Amino acid sequence: MEESGKERRGLLTRVHVLGAGAVGLLIAAHLRRVGHPVTLLLRTQASVDRFVSDGKRVVVHNDWMGAQSAEKVWVADGICAEHPQTTSASSTDSGCARIRRLVITTKAHDTVKAYMSVENRLDAQSTVLLLQNGMGTYEAIQHRQRASDQDRQKEVKMKEGGEPSFVIGTNSHGCLRIRGEKFATHHTAIGELKFAVREPLHQRTIQAPKSTDEMLNAVQNLGLSASVVGWTELHKQLLLKLAANAVINPVTALAGCRNGHVVPQQQQQQQGGGGSEHHVSTASMVSSACAEIAAVYARAYPQLGKELSAQTLQRHVVAVARATGANRSSMLQDVSAGEATEVDWINGYLMRLGEQHGIATPVNTLLHTVVKLKEEAAAIAADEEILAQG
């Protein structure tokens, strides 16, 4: 089922959003607010039914605003929802309606599976925007596609001329979902969104489809300090964010503390007393981690070496930790909830990158190992609680 002519014109292009977490709901709500038809792709038909019965709307709590603000809470109405494999009488040969513009905002470890759930609804005229923590999801999707294409050379997608185009994004807005709330997101801190078109890994550079310009136009007009940049600039921003996440996320998850505790505040540094040894140890850990990450970057991306020095990374980590000092990192939230973390796509990504380029990563390996142990312990505790209740 192709889009109507009305939907294809101007800002009214339909966007599908896969991933109904805090970020996905925030993006969906803002897309709808500026006029786009929006379809949420939900994991189960039961979730679709709940969304419809709740009024087909997303509630946005602007927690960053003052309590008396008129837009402290607002609602985006008229959002559609469906299961990824919903069929239609007027669908394509694959049995499902084509998707032209898709935003995937799932957790990094769920991204490949999420993509696979709608892969048969994508073709060379589609554009997929990936917006996750960590790095490596795009490469994982490409690796999966190439492996599967070798086994099914006569797939419809191959006949139609190849794979979708990709846009990569990075987000510094703070947002969260509160357990028990229905399709609501809390926008806790103002940040930025940056996007860039990703050149294919395994193909020559080709002209992007019309849907790519439509996607970029849509996200630039979200009202969330969004901008489109070149891939080189976005890649640098992704690597800076990766460094901050590789230090702040695992440390807060393991220590059970907020971001600000990773680095001492200015006034704490100036105080003597019992906390001084802790501050020295923390500063040493941050310094060691940043030096290790900088060594990996220098070997993997020599053209960016000077811009991603150990000192630059350390300043960035400290700045992010202080700016988000009151926040609980996504990894801490995951561990606290007994859920899988994104450590494989953060510290794990740095470990793999270091191995590819002959750089040892003992700090990241240690952080990754201990976070994985904590994940396992949380899963065992959850199983034991279920057994005890049974």
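**Sheet and helix packing in a predicted model**

The mean pLDDT of the protein is 86, and 84% of its residues reach 70 or more (pLDDT is the predictor's confidence in each residue, from 0 to 100). The model is predicted, so local features need pLDDT of at least 70 and side-chain atom pairs count only at pLDDT 80 or more, while totals for chains, interfaces and linings use all residues. Residues are numbered from 1 along each chain as its sequence is written, and side-chain values use heavy atoms, without hydrogens and water. Over residues 88-95, pLDDT stays under 50. Where pLDDT is low, the predicted coordinates should not be read in detail.

An open sheet of 8 strands has the order E5-E2-E1-E6-E7-E8-E11-E12, with mixed pairing (strands, E, are DSSP runs of at least two residues, and helices, H or I, of at least four, numbered from the N terminus; two strands pair if DSSP finds at least two bridges between them). Strands E5 (80-82) and E12 (226-228) stand at the edges with a single partner strand each, so one side of each lacks a neighbour in the sheet. Strands E7 (residues 127-130) and E8 (residues 165-171) run parallel and are joined by 4 bridges. Leu129 stands opposite Val167 in E8.

The axes of helices H13 (residues 347-356) and H14 (residues 362-389) come within 9 Å and cross at roughly 140° (axes are lines fitted to C-alpha atoms, for helices over the stretch in contact, and angles run from 0 to 180 degrees between N-to-C directions). Asn347, Gly348, Leu350 and Met351 in H13 meet Asn364, Thr365, Leu367 and His368 in H14 (contact means heavy atoms within 4.5 Å).
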